[in-house]
Amino acid sequence: MTELKPGATIGILGGGQLGRMLSVAASRLGYRTHIYEPGAAPAGDVAHRVTNAPYEDEAALRAFAGSVDVITYEFENVPTAALDLLESIRPIRPNRRALAVSQDRLTEKDFLTGIGLTTAPYRNVETEADLPAALAELGAPAILKTRRMGYDGKGQIRFKDADSRDWTGAPSVLEGFVDFSAEISVIVARGADGQVAAFDPGLNVHREGILRTTTVPSGLPQALLTDAVLMAARIVNALDYVGVMGVELFVTPGGLIVNEIAPRVHNSGHWTQAGCAVDQFEQHIRAVAGLPLGDGQRYADVEMENLIGEDMDRVPELLRAPRVQVHLYGKGEARSGRKMGHVNRLL
């Protein structure tokens, strides 16, 4: 793979906050970005160019692909037909296999267990008729998750007992209960040359299904953190991956369990902007552009906090606080549950 020269254009599918921060990182390395986004595109404020068109618009997709040198993405739920067309014109990094695995929770869990990693116990639930048997096998409590399109707690139903009257209405996976003491994330990168580099695993705290904080150092034993990094490396190597991936893991008495993977830069990696010389966004751009990966060594202790909905009222106070880095995403209305920005606190 030939590295992209300064002045080249990186196409990004999706125009949200991740695309915005990827565009900023690309500009530091001398690249332009072209955003493709069917809806509102906060990334358009900092990108060189934006195409605002649906993923079904073949002419727009062809024009977009023809204007860029490589294509990446900030979210994984891009329709297959659009990807087929784009890939016939320009390379997509990370590759299509990584997308196929992560777009479907059942495929993802089958992949993870197939390479020898542990996940929560799970059963495929294609229709409502499959649910009682799955609940009987796994027991309750359990959680039913749609196989596709769920994020930030959406598309999920929790079962406190074996009552199966509720149904998501879509093919789903039922996950058995996992007794975990903590959740950590590994932000791992793999270059086009096969080099793998990982940032320090961060300790995650969720509320109402949405990530609230990630803290490094995590305070967990180093042996466990080393195991987490090795597991993340196994995943990206198995996928012949190029780019940054977020790997969420549960810490349990029996060892680490993989919760899910995200084939892109990840919310729990935002702390790297304040804690590392090369953050996750630059690392991703380096990988998809064919450049050497950067040094992900952490030089500061950081707590990342998401600013969600009414948290925006605290921005004036946060701007006055010492050792605080404020990142706002340029979104309009601050609705409940909507990620509007984040702050990185040096500890």
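View 1. The model is predicted; local features need pLDDT of at least 70 and side-chain atom pairs count only at pLDDT 80 or more, whereas totals for chains, interfaces and linings use all residues. Residues are numbered from 1 along each chain as its sequence is written, and side-chain values use heavy atoms, with hydrogens and water left out. Helices (H or I, at least four residues) and strands (E, at least two) are DSSP runs numbered from the N terminus.

**View 2. The packing of helix H2 against helix H3.** The axes of H2 (residues 58-66) and H3 (residues 80-87) come within 9 Å and cross at roughly 40°. H2 is therefore oblique to H3. Axes are lines fitted to C-alpha atoms, for helices over the stretch in contact, and angles run from 0 to 180 degrees between N-to-C directions. Angles under 35 degrees count as roughly parallel, over 145 as roughly antiparallel, 65 to 115 as roughly perpendicular and the rest as oblique. From H2, Glu-58, Leu-61, Arg-62, Phe-64 and Ala-65 are in contact (heavy atoms within 4.5 Å) with Ala-82, Leu-85 and Leu-86 of H3. By class, this contact has six nonpolar, no polar and two charged residues; Ala, Val, Leu, Ile, Met, Phe, Trp, Tyr, Cys and Pro count as nonpolar, Asp, Glu, Lys and Arg as charged, and the others, Gly among them, as polar.

**View 3. The packing of helix H4 against helix H5.** Helix H4 (residues 96-103) and helix H5 (residues 105-114) have axes 5 Å apart and pack at an angle of about 110°. The two helices, H4 and H5, are therefore roughly perpendicular to each other. Arg-97, Ala-100, Val-101, Ser-102 and Gln-103 of H4 meet Arg-105, Thr-107, Glu-108 and Phe-111 of H5. The contact of H4 with H5 comprises three nonpolar, three polar and three charged residues.

**View 4. The loop residue His-270.** His-270 lies in the loop between strand E14 (255-262) and helix H8 (272-275). With 1% relative accessibility, His-270 counts as buried.

How values were computed
Buried < 20%, exposed > 50% of the residue type's maximum accessible area, 1.4 Å probe, protein only.
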